[in-house]
Amino acid sequence: MKKTGSQILLECLHLEGVDTVFGYPGGTVINIYNDLVDSPIRHILNRHEQAAVHAADGYARATGKVGVAIATSGPGATNTITGIATAYMDSIPMVIITGQVPTPLIGNDAFQEADIIGITRPVTKHNYLVKDVKDLARILKQAFYIARTGRPGPVLVDLPKDVQMASTRFVYPDTVDLRGYKPSFSGNVRQVENGVKMILASKKPVIYVGGGATLSDASPELLAFAEAIQAPVTTTLMGMASFPKRHPLSLEMLGMHGTYYANMAVTESDLLIAVGARFDDRVTGKISTFAPHAKIIHIDIDPTSIKKNVRVDLPIVGELRDVLQTMVKKLVEHDDEVRELVERTAPWRAEIAGWKKKYPMSYKQTGAVIKPQFVIEKIRELTNDDAIITTEVGQHQMWTAQFFDFSQPRTFLTSGGLGTMGFGLPAALGAQVAFPDRQVIDISGDGSFQMNSQELATLVQYRLPVKIAILNNNFLGMVRQWQELFFDRRYSQTCMELPIDFVKLAEAYGATGLRATTPEEVEGVIRQALETPGPVIMEFKVAREENVMPMVPAGAGLNEMVLAS
Amino acid sequence: MNHTISVLVENEFGVLSRVAGLFSGRGFNIASLSVAPTLDPSVSRMTIVTSGDEQILEQINKQLNKLIDTIKVIDFTGQDYVERELVLIKVNAEEETRAEVLRIADIFRAKVVDVTPRSYTLEITGAPTKIDALIELLRPMGIKELVRSGPVVLGRGSKGWKGSE
Ligand SMILES: Cc1ncc(C[n+]2csc(CCOP(=O)(O)OP(=O)(O)O)c2C)c(N)n1
């Protein structure tokens, strides 16, 4: 039987197991939207294409499945860019479908035409312009395969209107054969053995975990590995929830706003085992003083991330879960040596315990003004262990990373690579769509919230009970902090001078708004929000000039941390 | 130092800009680039001459390999290969220099492919160094225009890029 391009698209999505898509209609996708009416696929109508992509991204981060977003050509497509780039930087599996003007008009500056293939080339893992309906099924099969395998990432499929309307016999291919794309899965056995040797010879090993651990669902393997060798574990912002933060081996986060003990441990280590991490400059600080005494083992699925920023003594290319499993197996074969290792490294763990005691992550809630860290701690106390926390970008994001006890993978969704303000709310929306019964909380700043606040409408329309905590300092806090510390307090354009009544804003959309202005009110507001059905904004009037500490100033080494301002 | 890399890619639209974009987006340098289909019309072969230190070159190789459309990357650094470039040169050929131009052309085995009362157009293929030498000799006569194809290379020996078949 023949099907049209738009029917084929929806059928393929269905066959790929997609039950929900996020999007926004327009002229060049009107055929798809027409066929959606008869499709089992659920469509969430966001209020901005950027938010639709972030929502699909949040859905993907929370579930591990491929997120899907649809946008129309021209302005719809260009509105997706920040969302796509955000997903690209954090390696999130997504397929973005954009409408395109009919093929005969492409390149003619037609109404609502944009060369989205050209525009998205640097921010997608791959992209396709479908010129013939006969290629559509194959391309979609490939798109999903590319998005979810290897180092995951967003794939864009640009679908001209006439291709959507043309018909052909529908056959969905069973397999994908791309001669140029054969992601490696298991690590080279020799390399793994060499890695085990290096570990067994170490005195001060540290495991450094990035977002790759979550992406390959390697948390159990990571835990087994760390416990087997009793090595302390530090994570990046993206690696955060993949290792339980309150585990005795946890050093928590390293880098610019990491813990003193994580940064000292990395600086003093003699072996750094990087697991799905890419040595971002926010993590390494000054490269020349990063882990100066350490040999480095780098395990990653993506060969391009190895030796990009730092020298690596032993690269292992492969799926983390697989490599770590093999490592643990190999370690078991060296039972005696492992016991020796654990004994030998006991003083190392003791040294770290000393640092932890001396320089813990801390703040003080004193006086009548709410400290933002206090709000985060209270939210942590009052939410379930499996609550999904999203953040925007800024100080609130760092405080969330510092003061929340993440213990389960895929419970902390944040824009690490691109640092996109406006990500958290739509990402929370996407996560809540995936898990209607779990607590989903967006921790936000007043600046970031206003970047996608229109999504309140989407939350209300679909009765998605996302709770939004706005830590309102009336500042673009993170930038203000830099201006305070490095620009002599010249607060150029970081004061949000117009005080917004976020409670009224919530009400305008038909959501609930609550406000706390004193420390005493904080707990009550959070409790009430969690008990209230539907979306709720909690506005916390927080200390205006609180800083995120400790801090490694940009360009300084990790051991040059400033502990307090 | 210059490095020559061959990239076998799917012969599809957009692939060239993907490759070129990879270089520009990461600040890698392209000295020359030539591209055309191979014996198998579904595969194109690019020859890229680039420069950079060892670390940059390693990234270039890995990044090229990472592209979905890339079938194979051959880095000729440290390998034995045949390298040829084509150039067309339109050079002044007035009364007093006509003979000299022809003499130089002859020495370099260049062909005269177009003649006017005031100019010759020469064609020559050869290693880029040879072409550089020819250009230097012709320069004093007055070169009106020239175009270089950029080098193309093949590894020496009987093996093709897929190995021995
Ligand atoms: C889209 C975007 N624009 C600008 C920035 C630069 N930036 C980083 S943090 C920040 C301030 C964020 O302010 P707010 O959301 O109020 O959070 P706070 O730091 O006060 O917690 C800005 C402007 C960014 N990360 N993303």
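Buried area is the accessible area, taken with a 1.4 Å probe, that two parts lose on being put together, summed over both. Keep that in mind, everyone, as we go through some domain interfaces.

First, some housekeeping. This is a predicted model, where local features need pLDDT of at least 70 and side-chain atom pairs count only at pLDDT 80 or more, while totals for chains, interfaces and linings use all residues. Residues are numbered from 1 along each chain as its sequence is written, chains are lettered from A and ligands numbered from 1 in the order in which they are written, and side-chain values use heavy atoms, with hydrogens and water left out.

Let's begin with chain B. An automatic or database domain assignment supplies the domain bounds, and for chain B these are domain 1 (2-75) and domain 2 (82-152). Their C-alpha centres lie 29 Å apart. The contact, meaning heavy atoms within 4.5 Å, takes 5 residues from each of the two domains. How much area do domain 1 and domain 2 of chain B bury between them? About 320 Å², with 56% of it on carbon and sulfur atoms. On the domain 1 side, B:Ser32, B:Ser34 and B:Thr47 lose the most area to domain 2, together 72% of what that side buries.

Now the pairings across that interface. Counting a salt bridge as a side-chain nitrogen of Lys or Arg within 4 Å of a carboxyl oxygen of Asp or Glu, the rule finds 0 here.

Over to chain A, which is divided into domain 1 (2-169), domain 2 (189-358) and domain 3 (372-541). I'll stay with domains 2 and 3, whose C-alpha centres are 31 Å apart. There, 19 residues of domain 2 are in contact with 20 residues of domain 3. The area buried between them is about 1,500 Å², and carbon and sulfur atoms give 60% of that. In domain 2, A:Leu237, A:Ala241 and A:His257 lose the most area to domain 3, together 38% of what that side buries.

How many salt bridges cross this interface of domain 2 and domain 3 of chain A? The rule finds 2. A:Asp405 forms a salt bridge with A:Arg246, their closest N and O atoms being 2.9 Å apart. On the domain 2 side, α10 (212-215) and β11 (250-253) each supply at least two of the residues that touch domain 3.

Finally, zooming out, the count over all chains comes to 45 salt bridges. One I'd like you to look at joins A:Arg151 and A:Asp302, at 2.6 Å from N to O. A:Arg151 lies in the loop between α7 (133-148) and β7 (154-160), and A:Asp302 in the loop between β13 (295-300) and β14 (314-317), so the pair ties together parts that are 151 residues apart in sequence.

Notes: Helix = DSSP H or I, 4+ residues; strand = E, 2+ residues; numbered from the N terminus.
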